[in-house]
Amino acid sequence: MQMEAARVGVVVEGGGQINLNSGHGGVADGGVRKLVQQQQQSLHQHSQIGTVSHLLAGGVAGAVSKTCTAPFARITILFQLQGMRSDVATLNKASIWHEASRIVSQEGYRAFWKGNLVTIAHRLPYSSISFYTYERYKKLLQSVPGLESHRQNVSADVCVKLAGGGLAGITAASVTYPLDLVRTRLAAQTNVIYYRGMCHALRTIFREEAIGGLYKGLGATLLGVGPSLAISFAVYETLRSSWQSLRAHDSTIAVSLVCGSLSGIASSTATFPLDLVRRRMQLEGAGGTALVYKTGLFGTFRQILRTEGLSGLYRGILPEYYKVVPGVGIAFMTYETIKMLLSETPPSD
């Protein structure tokens, strides 16, 4: 009996162990079951809190970031779509200041936030899903035999972050794509208002273009958003961990802001041509527009290169930088801050 009592212990989920040794000869079976149930309940509640904090932090981070950078986001979209509506001579005269002045004079200041409501409606679930699934995909990949033993290997760690970010981006984009398409069409409207709002746009697109109309450009989106989030998450986490290992006492908020901004520049530069192509494909048939791109993703690439040159694939990259430098930084900073607040962990300021 004493030997059995010395060996009493229950391994529970998460790798923890409850030591049930007793100086009075052991613990009754009922007591063992009760302690195990309490431990499992505590772990389940902790898991639920972690899920809620990741979802809420990701959603709020996306909404705050997009609202703060909405003016540059709209100018970027308008630049990306100029090749569909203008001749080459007009395109060469385009500038951020000229486009911003036109918006103010013709549509008013509020037009900078045109489509922002649907942007928030899209970003809340998109960011929630992307941040949450990234953490889950990363843990899943780290548990794969072969990768688990190389967790300290820098190249293997970066590969896990890249793969996790890519899978998270594809998951989030697939679930929320119709809202992204509607956002593009609302933001693209200038003087002629064809769609009166998010619900009207969804109904009109479904009626005029069928269900497939809500998924125009999905292929280009998935090709772009996978690498985009993969690069963004990998660069962010790699820079942040390197920074914190060298300067452990720096502000968590400041580190998140700077590393997030740099990750945004890296991901936007690498994937901007795909983003431009998807925007143009999303606008096909919008408001009765007779549009030229009917040759698919690669045909659209070729046509842009032929008519606008290589620079045409990067039309709008400057306002994109103005958007992502603060935008992605704000998103990661907000995410880390809310996550810390929800987990009751004070920031290291």
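This is a predicted model: local features need pLDDT of at least 70, side-chain atom pairs count only at pLDDT 80 or more; totals for chains, interfaces and linings use all residues.

Reader: Which element gives the largest share of the lining of the second largest cavity?

Author: Two or more residues of this lining come from each of α3 (70–80), α6 and α7. With four residues, the largest share of the lining of the second largest cavity belongs to α3.

Reader: What space lies in the largest cavity?

Author: Counting those of 30 Å³ or more, the model has four cavities. The largest cavity is lined by 38 residues, with K66, R123, Y126, S228 and L229 lying nearest its centre, and at least two lining residues each are supplied by α2 (29–68), α6 (116–142), α7 (154–188), α9 (218–246), α10 (252–282) and α12 (317–342). In the lining of the largest cavity there are 14 nonpolar, 15 polar and nine charged residues. The space that lies in this cavity is about 750 Å³.

Reader: Is α3 roughly parallel or roughly perpendicular to α10?

Author: The axes of these two helices, α3 and α10, come within 9 Å of each other and cross at roughly 75°. Because angles of 65 to 115 degrees count as roughly perpendicular, the arrangement of α3 relative to α10 is roughly perpendicular.

Reader: Which residues in α10 meet T76, I77 and Q80 in α3?

Author: Taken together, the residues of the contact of α3 with α10 divide into three nonpolar, two polar and three charged. On the α10 side, the residues that meet T76, I77 and Q80 are F272, D275, L276, R279 and R280.

Reader: What kind of aromatic pair do F131 and F332 form?

Author: The model has ten aromatic pairs. The pair of F131 and F332 lies 5.7 Å centre to centre, with 85° between the planes, and it links distant parts of the chain, since F131 in helix α6 and F332 in helix α12 are 201 residues apart. Because planes over 60 degrees apart count as edge-to-face, the pair of F131 and F332 is edge-to-face.

Notes: Residues are numbered from 1 along each chain as its sequence is written. Side-chain values use heavy atoms; hydrogens and water are left out. On a 1 Å grid over the protein atoms alone, a cavity is a set of points where a 1.4 Å probe fits but cannot get out, and a pocket is an open set with protein on both sides within 12 Å along at least five of seven lines; lining residues have an atom within 4 Å of a point. Grid points are joined across faces, edges and corners, and a volume is the space filled by probe spheres set on the points. Ala, Val, Leu, Ile, Met, Phe, Trp, Tyr, Cys and Pro count as nonpolar, Asp, Glu, Lys and Arg as charged, and the others, Gly among them, as polar. Axes are lines fitted to C-alpha atoms, for helices over the stretch in contact, and angles run from 0 to 180 degrees between N-to-C directions. Angles under 35 degrees count as roughly parallel, over 145 as roughly antiparallel, 65 to 115 as roughly perpendicular and the rest as oblique. Contact means heavy atoms within 4.5 Å. Rings of Phe, Tyr and Trp (its six-membered ring) pair if their centres lie within 6.5 Å; planes under 30 degrees apart count as stacked, over 60 as edge-to-face and the rest as tilted.
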